[in-house]
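Subject: Handover of a structure for your study

Dear colleague,

Please find the structure below, followed by an account of what was found in it. I would ask you to keep it open while you read.

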Amino acid sequence: MQTLINHPILSVIKREAERIRHNPAYRFLLFGGPLIGILLLFYIFQQGVARDLPVAIVDQDNTPLSMQIGHAIDASPDVAVVAATSDLSEAEGWMKKGLVQGIVVLPDNLHKNILQGIESPVPVYINGTNVTVAGIVQRSLLTTLTTYSAGIQLKKLGMTGNNHEQAMVRVMPVSIQKHVLFNPYANYGYFLNSAMLYLILFLFAFMSSVYSFGNELKRGTGLSLLEASGNSVRLAVAGKALPYTVIFAGFAMLIAYLLYVVEGMPVNGSFLLLFIAQLITIVVYQLLGVMIVSVTRNMRLSLSIGGAYLMMSVTFAGLTFPMEGMPALARAATAIFPFTWWEKIVISQSLRGAPLREALPYLCYILVFMLLGFASFKSYKRSLSNPDHWGKL
Amino acid sequence: MKKNTANPNSIELIAIHFTKELKAIFSDSGALLILIGALLIYPLVYSFGYFNETLTDLSVGVVDLDQTTTSRKYTGMLDATQEIQVTYKPLSLKEAEELFLANKINGVILIPKDFQQDVVSGRQANVAVYADGSYLLKYKTMYSAASVVNSYFNGGVAVKHYVAEGKSLHQAKVAASPLSIQSHTLYIPTGAYGSFIMPGMILIIIQQTLLIGIGIMGGTFSESKASPFVLPEQQRYREILPHLLGRVGAYLLISAFNICLAVVLVHHWFHYPDKGYMSDILMLLFPFLLAVIFFGIGLSTFLKHRESAIVFMMFLSPIALFLSGVSWPVNAMPEWLVGLSKILPGTTAIPAYLRLRTMGVDLAHVKSETISLYLQAASYAALTIGYFFLRVYIDRRNQNRAAQQSVG
C-alpha cells in the first residue's frame, strides 16, 4: 500500500496537476477550448440542411399559370422566392450582388403556348459558385418545374380520355426508387459534424500534449520531472499524459452524446469498438505530440507544424472529397494521418454497421503511430536533462 | 537610426517600427513558418488533395433481372454517363451486396424482371437505386446520374407513345414536356470541387495565419518582451500611431507577398477561377487585410505568452471556414452564430471575394461588403489605438507613483 502511494507516477500526476492549476493556457487547452470548439461546431451543423435559399422569379407572362408556378417554387422548403421582376437584367444584378442564388424565367406567352401545344422554354439560371448551394437550388427548382410540367401533361392526357393511372404511366414510364444505404437521411450534417467534432478533440489532445511536454524544455524543468518520476522517462510521460487522456476521454463521451443521442446519428456497428478506438486515437495523438517535441525541441515550432498536420488530415481523410477522386500520390498520403483511419472506423461502425473484422485493421494502423511516440522517448529524456535544449522558445 | 537622431520625427518612427517588426519576424523560425511558409504549404497541399476536381466514373453494379434489349439499353445509357461506370453486372442483389461490402462497387442499380414488357405495354416499371449514403458526394453523384438517365429514357418512351398516336416528332416532344426546362449553371459550369473550395479557403488561410502570426510576434505589452517604444516615457503618446502604422506596414508587405503567391500564382497553377480584375480584387482585399491586421494587433495585446496565439486561435480555423459559407451554406446555421462570426473579417470578405473571382462581377457589386470591411478596419483600428493610449497612460501613472513613493 505504502509503495503505491509513493509510486513515482503519482508524484508526476500531482506535479502535472499543480502545473495545470497555475497556467491559464493549460486550462484553455483542457477545458475552455475543446468545449467552445465542440459547441460551435455542433451548432453549425445542428440544422443539418439548408432551407429557404433565396431565388428570384422573372415573370414576363403575368398569368394565373405563371403565378402558380411561382407559388409552387416558393412552397418547396429548400428555396424561397425573395424577389420578383419582369426584367432579367435586374435579376442578374441581384445574383451578382449575392442576393439570389437562382433565377427562373417565365417568358411572355407561356400560358398561351402551353394551351396551344407550342414549345415553351423555361430558362433556369443557377449560381454555381458554391457547389453545395447550387446543388440544392438546382434540385429543388428542377423538381418543382418537372412536377408542374408533368401535371400539365397529365391534365392534357386526362382530357384525351386516359384514366389517371394510365396518364401517370404515360408521364413516367419508369420510376426510380431511391434506397440510401447507411445514411438514410442523406444527412451531410452527420457526415461533416462527426468528423469535425473529433478533429477538434484530437487537435486539442495533440496541442495540449505538445504544450505540456514542450513547456518542460522551454522552462528547463526537465530535471524536476525526472526527479519526480524516479528518473524514468516512461513513467514521466505516462504520468503527465494521463490526466489529459482522462479529460479528453470525457470530451469524447460528450461528442458521442451529442452525435448519437441528440443528433440521432446511428450506431449500426459496435459502440464498444468506437469507444476503444477513440481512446486509442487520443493516446496516439498525445504520443505524436511527444515525438514532435523531441524532434524539434521547440514548442512553438511544434505547435505550428503539428497544427498544420492536424488541419490537413480533414482534406486527406476523403470526407469532403472522396479518395477515389484523388491522384494516386495524394491517396497514398492519406495513410500518414491517424485521422484517416479513425474516420474509416466511424463510417464502418457507426454508419455501415460492418462486421468487426472490417474495422480491426484500421485500428491496427492507428496503433502503428504509437511506435513513433515510443521511439522518441529516449531522445526526449536526453533533452529533459540537457540544458542546451532548454529555453528554446 | 535611433542612434543618429535623438528625436526622430513621426515618419522616421514609422520606418523604425516597420523595419524592427520585419527584422523580428525574419529572425523567428516559428513566425516565419506561419506568416510565409504556411501560405506556400497549405494552398499547395490542399490543392493537391483536390486535384482531380470532379468525381468521374464511379464504379457501380447493375443487376439486370430482365436481360432484354430495353434493359440493356438502359444499362448502356448509365454506363455512358460521365459520372458512373458499370463495372460489374452481378446476377442477383445478394451478389451485388457482397461486391458492395467488399468495396468493389459504390452502389447498385436494379432493373426488375419484365422491365421491357412493362415499358412497352404501359405499366409503370420501377428501377431501384441503392446508393452509399455514408459518403455523400458519391451518393449525390450516383443518384443524379441515374435520375438524368431515367428522365431521358422516360422522355424517349413518352415521345414514342405520342408518335404512335399520330403526332409529329416535334409535337410529340412538346407534348412529353410541356415546360421545356433549360437549366444553366452559371460561373462554374462543371461544378468542380477544388475550384469551388480553394479560393475561399485561401482567404481563410491568409486571415488565420496573420492572426496567429501577429500573436506569435508578441503583444506590445507582453511581459516576456522588452518595451518596443524608442522614445522616452514622456513622449510615448506621439509614438503610438507611428508604432502601429509601422507594424501594420510590415504585415501588409508580407501579405502582399502572400497575395502574389496564394491569390495569383496558386490560382494560375491550378486553374482556379480568375474572372475578376486584379485591381478590383486588391481593392477588396486591402480593407480585409487592414481589418485582419488591426484585429490581430489588438488581440495580441491580450496574450501573455507568444505561443498562446496558436493555442487560442488554431482551432478556430476550420470553424471560421465553415462560418464563411465556403462549403456549408450559411442559411443552414443559427443566426446568432452567423452574427457572431462577423467578428472575423473573412466572413464578410469571402462571399464578396468569390463573386469577384468566380463570377467576375465588378467592384460596384461588392460595394456594401467593401464599405463594411473599411468600417470594420476603422473600428478595430480605433479600439486598438484607444487601448494603446490607455496602456501608455496607466504605465506612466504607475511609474509616476513609483517615483513619488521612492521620493517620499
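An open sheet of five strands runs in the order β5(A)-β4(B)-β3(B)-β1(B)-β2(B), with mixed pairing. Here strands and helices are DSSP runs numbered from the N terminus (E, at least two residues, for strands; H or I, at least four residues, for helices), and two strands pair if DSSP finds at least two bridges between them. β5 of chain A and β2 (84-88) of chain B stand at the edges with a single partner strand each, so one side of each has no neighbour in the sheet. From one strand to the next, the twist averages 30°. For such angles, axes are lines fitted to C-alpha atoms, for helices over the stretch in contact, and the angles run from 0 to 180 degrees between N-to-C directions.

Please note that this is a predicted model, in which local features need pLDDT of at least 70 and side-chain atom pairs count only at pLDDT 80 or more, while totals for chains, interfaces and linings use all residues. Residues are numbered from 1 along each chain as its sequence is written, and chains are lettered from A and ligands numbered from 1 in the order in which they are written.

Within this sheet, strand β1 (residues 58-64) of chain B pairs with strand β3 (residues 107-111) of chain B in the parallel sense, over four bridges. Gly61(B) has Val108(B) in β3(B) as its bridge partner. Helix α3 (residues 69-80) of chain B packs on the sheet and touches β1, β2 and β3 of chain B; the direction of this helix makes about 125° with that of β2(B). Contact between two residues means that their C-beta atoms, placed from the backbone, lie within 7 Å.

Where does chain A join this sheet? Strand β5 (residues 174-181) of chain A and strand β4 (residues 125-132) of chain B pair in the parallel sense over eight bridges. His179(A) stands opposite Tyr130(B) in β4(B).

A second open sheet has five strands in the order β2(A)-β1(A)-β3(A)-β4(A)-β5(B), and its pairing is also mixed. Its edge strands, each pairing on one side only, are β2 (79-85) of chain A and β5 (179-186) of chain B. On average, neighbouring strands of this sheet are turned by 25° against each other, direction ignored.

Leu53(A) has Val79(A) as its bridge partner in β2(A), and Val58(A) has Thr85(A). Between β1(A) and β2(A) the chain passes through helix α4 (residues 64-75) of chain A, in a right-handed β-α-β crossover. Right-handed means that, with the strands pointing away from the viewer, the path from the first strand over the helix to the second runs clockwise.

Helix α5 (residues 88-96) of chain A lies across β1, β2, β3 (102-106) and β4 (120-127) of chain A, at about 170° to β1(A). Helix α7 (residues 131-159) of chain A also packs on the sheet, touching β1, β2, β3 and β4 of chain A together with β5 of chain B.

An automatic or database domain assignment divides chain A into domain 1 (2-46 + 187-389) and domain 2 (53-171). Taken over C-alpha atoms, the centres of these two domains of chain A are separated by 51 Å. For chain B, the assignment gives domain 1 (10-51 + 192-407) and domain 2 (58-176), with 52 Å between their centres over C-alpha atoms.

Yours sincerely
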